[in-house]
Amino acid sequence: VPQTEDDVDAALPRIRTSGLVELGLVEKNDGGAVAAKVDLRPYGWECDSGADNSGSGGAELWVSSDLAAHQQPGVLRHDHVLGIGQASTTLVQTTIRRHSKRALDLGTGCGIQTFHLLHHSEHVTATDISERALAFTRFNLMLNAEALHLDPADLESRVSLRLGSLLEPVAGETFDLVVSNPPFVITPRSAGEHSSDQFTYRDGGLPGDDIVANLVRTLPDVLAPGGTAQMLGNWEIPAGSRWSERPASWLAGSGTEAWFIQREQVSPELYAETWLQDASEGRDRKLYRDAYAAYLQDFASRNVDAIGFGMIWLRRPESPRPGDAPARFEEITYPIEQPIGPHLAAAVERADWLDAHEL
Ligand SMILES: C[S@@+](CC[C@H](N)C(=O)[O-])C[C@H]1O[C@@H](n2cnc3c(N)ncnc32)[C@H](O)[C@@H]1O
């Protein structure tokens with residue numbers, strides 16, 4: 001809600017309205033009222049040292065991102081930087097947290113996964129294709145330097161922010177842990193489209209579910225032996241096939257251990273509605289109708305009957321083993337106790353024990 005300049009100055013006497021305008025955090029509207037240009041909200045978590053094996057406790061942060069769809073008029077800008085959403089916290093709670101030397105957050109957005117990784121990783125590399133996203137992450141790291149135990153004068157000793165697509169910025173490097181909430185939303189492609197026409201926060205610019213397929217195939221290249229990757233994803237389910245067939249085909253011959261958990265399966269119609277609403281595209285009726293038709297046509301062109309959503313765990317084995325690596329495909333569509341990370345960790349440990357004892 002826009003406020004008078006006097007009230008803002010009284011509430012924030014050190015930085016005052018003029019400082020906030022200079023930082024691009026607020027703007028003065030025609031009537032002289034001060035309006036927010038970004039979202040800034042508290043975010044915190046608690047954990048006892050046993051829960052995430054990090055010995056770190058929790059944190060209380062202030063996190064900035066672009067204003068959400070309901071906080072501004074019109075369709076979202078294409079380079080919108082997402083705040084902390086349901087998918088972000090799902091990945092946070094799914095991640096198996098152990099001490100790691102080097103962790104990677106691919107597609108960092110406002111930095112949410114990086115904040116958590118910093119609590120149990122010696123060094124975190126956060127990448128994004130969007131300069132705006134990396135600027136928000138840097139801002140959030142500086143703003144929360146104390147709570148995150150960072151030295152603002154020497155961020156680089158704990159965090160490296162890299163601009164670039166997918167694994168380009170980290171080619172040739174390896175990590176113990178990779179997390180990613182990638183731009184997995186399936187989007188109809190159109191002839192001559194430019195990357196600036198795409199919603200960067202959710203659209204990887206590839207056809208169908210290729211972005212997820214690509215990451216499942218290539219992420220193991222940046223994993224140290226025994227290293228794991230955890231991500232969220234969508235997969236297309238062609239008519240007449242089981243949901244796991246496509247994900248299984250991405251692993252064929254890779255030697256990567258995998259665990260896919262499908263949490264939800266929706267029709268092409270519901271998928272189109274969900275994602276068109278997400279960017280407020282319904283506020284432009286013609287855009288909505290055309291985009292809805294394009295979605296249905298796109299799915300029909302690949303004979304896609306349904307779209308699955310879920311969590312993906314990948315591990316590069318300590319040493320290559322003959323034959324296909326174990327892959328597990330499970331469907332869990334009922335509510336699960338969060339955080340699920342410690343339960344996943346225990347299940348992996350049990351499977352490893354059985355494997356080691358050849359039972
Ligand atoms: C769904 S958001 C996730 C943001 C945040 N990590 C979270 O968990 O909420 C996906 C992020 O990936 C970034 N992105 C899009 N295309 C990318 C690409 N080709 N390579 C790297 N990052 C990309 C977007 O800019 C966006 O910040």
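Q: In which helix is the place of Arg-16?
A: The model is predicted, and local features need pLDDT of at least 70, side-chain atom pairs count only at pLDDT 80 or more, while totals for chains, interfaces and linings use all residues. Residues are numbered from 1 along each chain as its sequence is written, and side-chain values use heavy atoms, without hydrogens and water. Arg-16 is not a glycine, yet its phi is positive, near 55°. In terms of DSSP runs (helices are H or I, at least four residues; strands are E, at least two; numbering is from the N terminus), the place of Arg-16 is in helix H2.

Q: In which loop is Pro-339 found?
A: The peptide bond that leads from Gln-338 into Pro-339 is cis, with omega near 0°. Pro-339 itself belongs to the loop between strand E12 (327-331) and helix H11 (341-356).

Q: What distance separates the centres of domain 1 and domain 2?
A: The chain is divided into domain 1 (1-36) and domain 2 (40-356), with bounds from an automatic or database domain assignment. Taken over C-alpha atoms, the centres of domain 1 and domain 2 are separated by 35 Å.

Q: Why does the second largest pocket lie between the two domains?
A: The space in the second largest pocket is about 970 Å³. A pocket is an open set of points on a 1 Å grid over the protein atoms alone, with protein on both sides within 12 Å along at least five of seven lines, and its lining residues have an atom within 4 Å of a point. The second largest pocket lies between the domains because its lining takes residues from both domain 1 (1-36) and domain 2 (40-356).

Q: Which elements give two or more residues to the lining of the second largest pocket?
A: The second largest pocket has 26 lining residues, and those closest to its centre are Leu-12, Leu-20, Leu-25, Val-26 and Leu-40. Elements that give two or more residues to this lining are helix H1 (5-11), helix H2 (16-23), strand E2 (34-36), strand E3 (38-45), strand E4 (59-66) and helix H6 (131-143).

Q: What volume does the largest cavity have?
A: A cavity is a set of grid points where a 1.4 Å probe fits but cannot get out. Points are joined across faces, edges and corners, and a volume is the space filled by probe spheres set on them. The count is 1 cavity of 30 Å³ or more, and the largest cavity has a volume of about 40 Å³.

Q: Which element gives the most to the lining of the largest cavity?
A: The largest cavity is lined by Thr-94, Gln-230, Trp-259, Ile-261, Met-311, Ile-312, Trp-313 and Leu-344. Strand E10 (257-266) and strand E11 (304-315) each give two or more residues to this lining. With 3 residues, the element that gives the most is E11.

Q: Which residues are the closest to the ligand?
A: The ligand is surrounded by 17 residues, each with a heavy atom within 4 Å of it. The closest are Ser-88, Gly-107, Gln-113, Asp-128 and Leu-166.

Q: How much of the accessible area of the ligand does the protein cover?
A: Polar contacts here are pairs of N or O atoms within 3.5 Å. Nitrogen atoms of the ligand lie 3.3 Å from a polar backbone atom of Thr-108 and 3.4 Å from a backbone N or O atom of Ile-129. A polar side-chain atom of Ser-165 is 2.9 Å from a nitrogen atom of the ligand. On its own the ligand has 590 Å² of accessible area (Shrake-Rupley method, 1.4 Å probe), and the share that the protein covers is 95%.

Note on methods
Polar contact = N/O pair within 3.5 Å; in protein donor to acceptor, adjacent residues only side chain to side chain.
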